[in-house]
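User: I'm new to this structure and would like to learn how to read it. Could you walk me through a few features?

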Amino acid sequence: MDSLISILRSIAQKAICKAFGNQGEWDTAIFACHNEKFGHYQCNAPLGLAKEFHSSPREIAKKIVEHWDSQYFSNIEIAGPGFINVTFSREFLSSQLNEVLVDPYLGATRDPFPEKIIVEFSSPNIAKELHVGHLRSTIIGDCIARLFEFFDRQVLRLNHVGDWGTQFGMLIAYLKKYCPAVIAGEENPELTSLDHWYKEAKKLFDKDAEFKKISHQEVVHLQSGEKEALRAWKIICDISRREFERIYSLLDIKILERGESYYNDLLPEIVAHLEKQGLITLSDGAKCLFLEGFANREGEPLPLIVQKSDGGYLYATTDLAAFYQRAQREKADRIIVVTDIGQTLHFQMVYAAALKAHLIDPQKTSFDHVTFGLVLGDEGKKLRTREGNTEKLMDLINQAMNYAEQLIRDRIPDIDPESLHEMGRVLGIDAIKYADLSSYRLKDYQFSYERMLKFEGNTAPFLLYSYVRIQGIKRKAEVSLEPIIKTAKISLEHPSEVLLGLHLRRFGEVINAFEKDLLPNRLADYLYNLAEKFNIFFRDCRVVGSVEQDQRLLLCELTAKILKTGLNILGLKVLNRM
C-alpha cells in the first residue's frame, strides 16, 4: 500500500504542475502536523515556490489549492504565511484502515530493492564474557534484522566474533602450562574460568619475556594449522560459544557465527590485490594504505595498516576481506555493521579503502555503519558494578528478571510460580530491550531498572499493559473475530476513533522511514503514541455492548495487530495478562 504521505505527495505534485506547469519534479514538502486540530498533514511547498515565482507564499498556496484533488479530504485550508493544512475525511481513513487490516505489511510499502541484506552485530571476543558493552550492538542489530525480515527480505545475521589473533597464542600457552586437563578435553570449565585465565595470561604476557615468546610460537602454530594448536583453539571457542548461546537464547537472538577466522584464507589474497593496484606503501616494514582525507591530530597522513612488518594481519585486513566476501561472493545488496561509536574512524577508513580497491561496488551494494553511544549508570558514568568492574550482561539480565518478578507478584499475589517466572522473564527482558531501543541510538543513555519497569510513561510495561487491555476487551465481548472481519467494516465516527485511526494508518510511514535511517527509537515512539491514543479511545468510546461493537472490535484488533507487530520488530514479546 502507498502511505498517506506518498498519496499526498502525488496529489500535491499534480496540483503544483497544473498551477505552474510541468517543469520536472517539484519539492512538495509534505509533513505530518504536530497537532491534529490544525490538520492531519501540511504542505509547505508554497514557501519554497514563492521565490521562484516572485509571489507571496499565500498567493502560491491559493493557486495550488485551486487544483488540489479534494475527494479524500474533509478540509483543505491555507494557514499562517502560506502553509496548506489538509484533513482526511473519516470515510477515506475508514476505507484505508479496512485495507490495512488485511495487508501483510500493515500499510507499509515494500520496495523490491534491496533484497539481500547482511547485518553484522553483537560480535563479542572469544574467551571473554559478554558484558553490558555488548548489549546495545546485540539488541539494535537484532531489531534491524527483524525489520527487514518483516518485509520478507533475505537477511543474513552475522556474529563477527573475535576468534583469532595473538590472544589465542597467549591463552593456549597459559592453559598448556597451568590447566593441561582443559586442553586435553578432560575438564569442561565455564566461560567465567576462561575469562579469569585470559586475564592471568595477559599479566604473564606483559611481564614474562619467556612466556611472551612461547605465546608468539603458539600463534605461529595456530596460523600454520598445527593439529594440537587448532584443537586447543576449538576447545576455547566451544567453551565461549556455550555461554554466548545461553544469553542469545534468553534474549531470543538468532545469529550465525562467522568470526575473524572465517576470512583467514582471503587475507593474503586481499593484500596481494592491494599491492597489484598500487595502493600499498611500506612504512617501517608494515604495508599501509594512505587514504585521502584521513590525518592524525598533527595533520600527518593517517595509515591504514593491513600487514605488520612481521607478516601478521590486522582488524583492517579482516574487515576488507569481509567487505569483499559479502559484496562479491554473498552478493549482498546492503551491508549493515552495528558497533559502538568509537569504531567510526576505523570503518570510515576501511570502507574508503574497500571502495578505492574496488572490493565493493557502491552501485550494487550499499553500506551502513550503525553506531551507538554508551550505557550509563545512575551517576551518568559508564555502567559498572559496585566493585568498579564492567557489568556482566548475564548479571544485568538476571537482575531485571528478578525485579520484574517482584513487580508481578505485587500485582498478582496468587500467581503460580511457573507463570510468575515466565512473566518475569518476558517483562524483564522486554524492559531492557525497550529502554535501549526507545533511546536515540547515537547518544548515551542512563540504565535504570526502576525507570524501565514502570507501568507509566514510555516503557515496555506500559505498552504490554495496553496490549493486555485489548485482549481483555476481546475476551469480554465473547465473540469470534473471524466472521466479524468478513462482514463488518471499520467506520470512524468519534473524534477519538479518528485520532487512533489516523495513527494506525501511519504505521507504514514509520516503518519505511526506519528502513532508511535505521533508528529504532522512531518505531518505539510510534508505539508509545499508539498506546496512548488507544487508551484515549478506550476512555471515550464504549466497545462491548455498544451499537458500534463490531466496528470498534475491528479497530481494537488492528491496534493489537500493529502493536504486537511493532513490538516483535523491536524484539519484544507480548503477554496476555498482567
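**Strands, helices and cores**

Analyst: Let's start with a pair of strands: β11 (residues 334-340) and β12 (residues 366-372) run parallel and are joined by seven bridges. Two strands pair if DSSP finds at least two bridges between them, while helices (H or I, at least four residues) and strands (E, at least two) are DSSP runs numbered from the N terminus. This is a predicted model, where local features need pLDDT of at least 70, side-chain atom pairs count only at pLDDT 80 or more, and totals for chains, interfaces and linings use all residues. Residues are numbered from 1 along each chain as its sequence is written, and side-chain values use heavy atoms, leaving out hydrogens and water.

User: Which residue is the bridge partner of Ile 336 in β12?

Analyst: Asp 368 is the bridge partner of Ile 336.

User: How do I describe two packed helices?

Analyst: Two packed helices are described by the angle between their axes and the distance between the axes. Axes are lines fitted to C-alpha atoms, for helices over the stretch in contact, and angles run from 0 to 180 degrees between N-to-C directions. Here the axes of α6 (residues 166-178) and α10 (residues 227-251) come within 10 Å and cross at roughly 95°. The two helices are therefore roughly perpendicular, a label for angles of 65 to 115 degrees. Contact (heavy atoms within 4.5 Å) involves residues including Leu 175 of α6 and Ile 236 of α10.

User: Which residues touch the most other members of the largest nonpolar core?

Analyst: In general, nonpolar side chains tend to be buried together in soluble globular proteins. A nonpolar core is a set of buried Ala, Val, Leu, Ile, Met, Phe, Trp, Tyr and Cys residues joined through side-chain atoms within 4.5 Å. In the largest one, of 165 residues, Trp 68, Leu 175 and Phe 447 touch the most other members. Leaving aside neighbours within four places in sequence, Leu 175 is in contact with residues including Pro 180, Leu 194 and Trp 197.

User: Is Thr 565 buried or exposed?

Analyst: Thr 565 counts as buried, because its relative accessibility is 17%; buried means under 20% relative accessible area, exposed over 50%, and partly exposed in between (1.4 Å probe, protein chains only). Thr 565 belongs to helix α22 (residues 549-570). Not counting residues up to four places away in sequence, Thr 565 touches Leu 106, Phe 150 and Phe 507.

How values were computed: Angles under 35 degrees count as roughly parallel, over 145 as roughly antiparallel, 65 to 115 as roughly perpendicular and the rest as oblique.
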